[in-house]
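Thanks for coming. I will take a few minutes to walk through one structure, and I will stay with what can be read from the coordinates.

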Amino acid sequence: MSVRKDTIFQQFLAPLFENFLIDGEALKQFKQSINWEKESDRLTNPSVTYPDYYQSQNFHGIKGGYLNPEAPVSYDPITQHVLPPNETIVRQGLIDRIRVKPRRILDLGCGTGSTTLLLKKAFPNAEAIAVDLSPYMLVAAELKAKKAGLDIQFRHSNAEATGFPDQSFDLVTASLLFHETPPEVAQTILNESFRLLRVGGEVIVLDGNQKALRQTEWLTEIFEEPYIKAYAAASVDKWMTKAGFAEVQTDDWWWVHQISRGIKPIVKNTSTSASSQTRVSYNNPTNDHSAGLPAPA
Ligand SMILES: C[S@@+](CC[C@H](N)C(=O)[O-])C[C@H]1O[C@@H](n2cnc3c(N)ncnc32)[C@H](O)[C@@H]1O
């Protein structure tokens, strides 16, 4: 499959990035400092099969998408410039929405682990596990965690069917994942998140603002993102509600992003009734994070 040349990134931004924003030499050194095949083999789970949507498309103009070692090499240097107003502020928005006091955290589609590292820093006593379909992204994530001295388990797994036991997490997160999956995959991942959470557990999703993407079509043309228009037309709220989550709410976050949150409610009159489930404790139930969001940039 050929790389699209008509995206805003390829036409206008790539020269800016190549000439001014990215240190090409540092990138080359990073790429050469790792034996990507050997390291990715170490992390590869041979039982993982790649869904068609994932292996048949390019993402961000990279042939083969995330199944190419170029993906983790360029991911962080580019991402730091494309999350206005600032990557750390945007990711911190997800952390600030968390109300549970998690003992076990699962970060889905963790990529190079930028959000996972923030989660582990915010909750140092929690067990943090992160999964991704790309062993190459996991190599970079593991290295970052190691450099930061953070104990995080990175697993090669499909977020649609992780294989973890029912009700084994207090917090499940996904950042910048759903604009890269077909809507039915996002729904399956949220169904899986529901299965994995304990009663009272939380799911938090940070991603592109669907309303803003619908109203401003050029935003969907910046990068080669094969599923972003379908994502824009859909609703994370509806997916979460359909998966069974309660108190579902999506807040705008700096106009181009949104943060969605849902909790797993007490289920009555079923074999998985509340009395048979472990409930999670809360960080600060009176802390209303829904108020006081900064005005859109
Ligand atoms: C745009 S990146 C986001 C990475 C990271 N969460 C972040 O915030 O920077 C999307 C990631 O989702 C992963 N991914 C896509 N579909 C997946 C799936 N079904 N299961 C697990 N990971 C998936 C890709 O490999 C890629 O690393």
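I will go from the chain as a whole to the sheet, then to the helices on it, and end at the ligand.

A word on the source before the details: this is a predicted model.

The overall picture comes first. The protein chain has 297 residues, and 37% of them count as buried. Its secondary structure comes to twelve helices and seven strands. If we take the contacts with a separation of 6 or more, 75% of them are between residues 24 or more positions apart.

Now the sheet. Seven strands make up an open sheet, and reading across it the order is β3-β2-β1-β4-β5-β7-β6. The pairing is mixed. As a reminder, strands in a sheet pair through backbone hydrogen bonds, and the pairing can be parallel or antiparallel. At the edges are β3, residues 152–156, and β6, residues 246–253, each of which pairs on one side only. Ignoring direction, neighbouring strands are turned against each other by 15° on average.

On one side, β2 and β3 run parallel and are joined by five bridges. Within that pair, V131 has R155 of β3 as its bridge partner. Helix α8, residues 135–147, packs on the sheet here and touches β2 and β3. The direction of α8 makes about 175° with that of β3.

W253 is found opposite H257 of β7. The two strands, β6 and β7, form a hairpin with three residues between them. In that turn, W254 has a positive phi of about 55°.

Which residues are closest to the ligand? They are Y66, G109, G111, A159 and S175, out of 21 residues that surround it. Two elements give two or more residues to this shell: α7, residues 114–122, and β2, residues 127–132. By type, the shell divides into nine nonpolar, nine polar and three charged residues.

To close, the two items to keep in mind are the open sheet of seven strands and the shell of 21 residues around the ligand.

Key:
Residues are numbered from 1 along each chain as its sequence is written. This is a predicted model: local features need pLDDT of at least 70, side-chain atom pairs count only at pLDDT 80 or more; totals for chains, interfaces and linings use all residues. A residue is near a molecule or strand if its C-beta atom, placed from the backbone, lies within 6 Å of it. Helices (H or I, at least four residues) and strands (E, at least two) are DSSP runs, numbered from the N terminus. Ala, Val, Leu, Ile, Met, Phe, Trp, Tyr, Cys and Pro count as nonpolar, Asp, Glu, Lys and Arg as charged, and the others, Gly among them, as polar. A residue is buried if 20 or more other C-beta atoms lie within 10 Å of its own, exposed if 12 or fewer, and partly exposed in between; C-beta atoms are placed from the backbone. Two residues are in contact if their C-beta atoms, placed from the backbone, lie within 7 Å. Two strands pair if DSSP finds at least two bridges between them. Axes are lines fitted to C-alpha atoms, for helices over the stretch in contact, and angles run from 0 to 180 degrees between N-to-C directions.
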